[in-house]
Amino acid sequence: MLSRSSLWRRLSGAPMWPLAWALAAACAVPWLAPERWSGHVDTRWLILGALGWCATLPLFFRRRWAVVPLALGLAGFTFLGLARKARWETALPAGFQALEGRLAEPWTPQGDRVRTHLEVVAPESLKGLALPLTVPAEGKAPLPAPGTPIRLRAELRSVEPGPIFLAERPLWRARSDEAPRRIHLPSAQLMEATGPPAPSLLLRLQAFARRRFDALPLDPTARDLWGALTLGIPPAQEAHFSVFAESGTLHILVVSGLQVTLVMAAVEALLRRLRMRGAAGGSMVAGLLYSALVGFSAPVWRGLFMGIAWAFGRRSGWQLPPAAGLHLALLLWLLGHPAAGAEPGFLLAWWALLGLLWGAEPLAGLIAPLLGRAALPFARLAAPWLSTLPLLALLHGGAPKWGILANLLVLPLVAFLTPLCLALILLPLPGLTPAAAAVLGWMGDRLVPAFTGLAPLATGILWPWLLLALGWILLAHRQGTLRRTRALIVGLVGLSAGLLVSRGTGRAPEALSLEAVDVGQGDALLVRAPQGDATLVDTGAGPWTARRVVRVLSRRGVREPVHLVLTHPHADHTGGWATLSRLWPLASTSVPITADDEDPWAPFSPPGADPSGLLRGDGWRRGEAAFSVRWPARAYALPDANMVSAVLRVTWGDRELWLMGDALGIQERDLLDLGEPGPFAHRVLKAGHHGSRTASDPAWVAALRPEVAMISAGLRNRFDHPHPETLETFRREGIGAWITGPSRGVRISAVPGGWRIDTGDGAAAFIPFRKTPTP
């Protein structure tokens, strides 16, 4: 499958492959450096590092070993950049501050709030920063127009680090994009305009495009997709975002490198068809104007750099080969943004292009005896999916089941609709606008949902996934230097297929464990026991929380379908049910029985769901653990769904877990009247109702006498959970209480002599058994 043009690209691109390995080394640095790092480094280590790098410089003159000084140098530069960013962010003020600035973007809906960016002019320590600002969507005071200078006093919130096992680095990304603080206002009345609006030319262009877009007669689905494809407006409905993520077509739902490239390619093709000179230059100008229209975000800059590299390569007849242009564009971005290696979009775009440029031909040669001439087109679709498979597993917990087919059907539509919809915003045509909206609505409501779902992949053992990811760089290297690659491509495809068939790399649990996933203000509990399938209690508030739960299942090495128990029909416990059912196979679903006239689960259930009912006395086993339902005692029709929240007891040996859901104090007293909790040795309590004062009744806690209490409450939640009264109840009983939000998630495991506590921020503790346990 080797043509003259592809041979030229390989030969001319071969010297670039040390740079590819150097980029991989630089991308590893922000994953190894802690997010909470202050950036301070002992001078002795800096001197030793510099001397060590200087010692490798002679290797530059040996082609085979030039990668060593290049990788060390780029990794060291990235490390110094991260240190500088960390020191800068640490010195920024936090807490309540008096701020002055100018609204730098049009207002954009974001759930029940609207957001923009505040370009700060005072205080001096924040001058020049564009900080994200959100306010409630509906309020008494009108929103100031974009470009308005304002004065306000607000709380500057730091971006919190992600749990260390979820493959998230939000703080590094915020530092890299120079937006490490957030402003959340409870009302627009807290903003005081200090002058009339004075928008810049760029802001006027953005506001004009936004007004033209808002005037289009579109239904909600078409509006979400139209705004995302052309103007980079996040979908107002999280469900639309979720189904695109689950189908493997998320890259088309935000203005990224794909959209910028599509506009540049459309302009270049038009100019070339008209036989006009300067087609490449025209495409670059179009790319710059379009980037200015949607805002120069990180994905837009990356896409613009890659589009310019593509335009230069096409203009020169590919004398600048795609591999060289791609890596030079990535290097340019990485030099200015040292934490780019922690951005999933950066990594996935890079690996997808590695597969497309360098993996397609070896894969086509492998399958040519079966597919003949169709081998190369098929390989060009399959290679990017295979090359990103390890990253998709590590970053998202699974790979889209129909990613290749979904992109095959959706990408041509996007290639046509993006330039068309952008033109229709500026010049809406009566017949064409409804037709484009109908196509977008069909794509969002029918086409993409038909391809949703992940192939769940456990990443409990990391090294096979990391080796598979690096194997694609090695394949590209060997392709570029004209070495034999058949054995390597067979190994990569075989390992990918093996991981898909085996559902990844898992670890069987050795003891009972209870993990509260950090899903904000909501519940999502993972219970595991030896020789048993995993049980998930609740799903969090929505699609986003369901995707985070999937990442936790993957990182914990869960391979099997999970058993889902939903405690009660409130959104913060059940909102992610529909999404989770698409992302991970469910062995069973159980909900408490109620006597309501209408089905309270209907707003949250996926299509075709038929969960089994739970009442007091029901029980089952999962391996060595026994589950039993302690509440509700019968089917109730009560005004508050918390009153019928399922209460579960899990026993394993001499250990016991009490999972209270959102049960209130009155239900706890009812359980006491029913003879609960009964004698037992060692207990863990998942406190009811997020640690509210309405739950964790002192009499119930005294009767239960747990050794550890877990409270699922989001960081800085609007309910101020957990309440001081609940914490005081636990303190009086000598019970340690662990809160999921501040800890970034909590996992409690049974170990000899007590309980081990592991938190999402890397802390660990041991809680010994009580010396005089209850008989």
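Predicted model: local features only at pLDDT ≥ 70, side-chain atom pairs only at ≥ 80, totals over all residues.
Residues are numbered from 1 along each chain as its sequence is written. Local features need pLDDT of at least 70, side-chain atom pairs count only at pLDDT 80 or more, totals for chains, interfaces and linings use all residues, and side-chain values use heavy atoms, with hydrogens and water left out.

Strand β4 (residues 130-136) has five of its seven residues buried; buried means under 20% relative accessible area, exposed over 50%, and partly exposed in between (1.4 Å probe, protein chains only). Helices (H or I, at least four residues) and strands (E, at least two) are DSSP runs numbered from the N terminus, and two strands pair if DSSP finds at least two bridges between them. The pairings of β4 are tabulated below.

| Partner of β4 | Direction | Bridges |
|---|---|---|
| β3 (residues 113-122) | antiparallel | seven |
| β6 (residues 181-184) | parallel | two |

Towards β6, T134 stands opposite H184.

L202, L205, F208, L288, F296, L426, L427, L429 and L432 make a nonpolar surface patch of about 750 Å². Helix α6 (residues 201-214) gives the most to this patch, with three residues. F296 lies in the loop between α10 (279-294) and α11 (298-315), and its relative accessible area of 34% makes F296 partly exposed.

The count of disulfides (pairs of cysteine sulfur atoms within 2.5 Å) is zero. C27 is buried, at 4% relative accessibility, whereas C54 is partly exposed, at 42%.

Technical notes: Patch = residues over 30% accessible without salt bridge, like charges linked within 9 Å, V, L, I, M, F, W, Y side chains within 5 Å. Areas by Shrake-Rupley, 256 points an atom, 1.4 Å probe, with all protein chains shown as cover. Salt bridge = Lys/Arg side-chain N within 4 Å of Asp/Glu carboxyl O.
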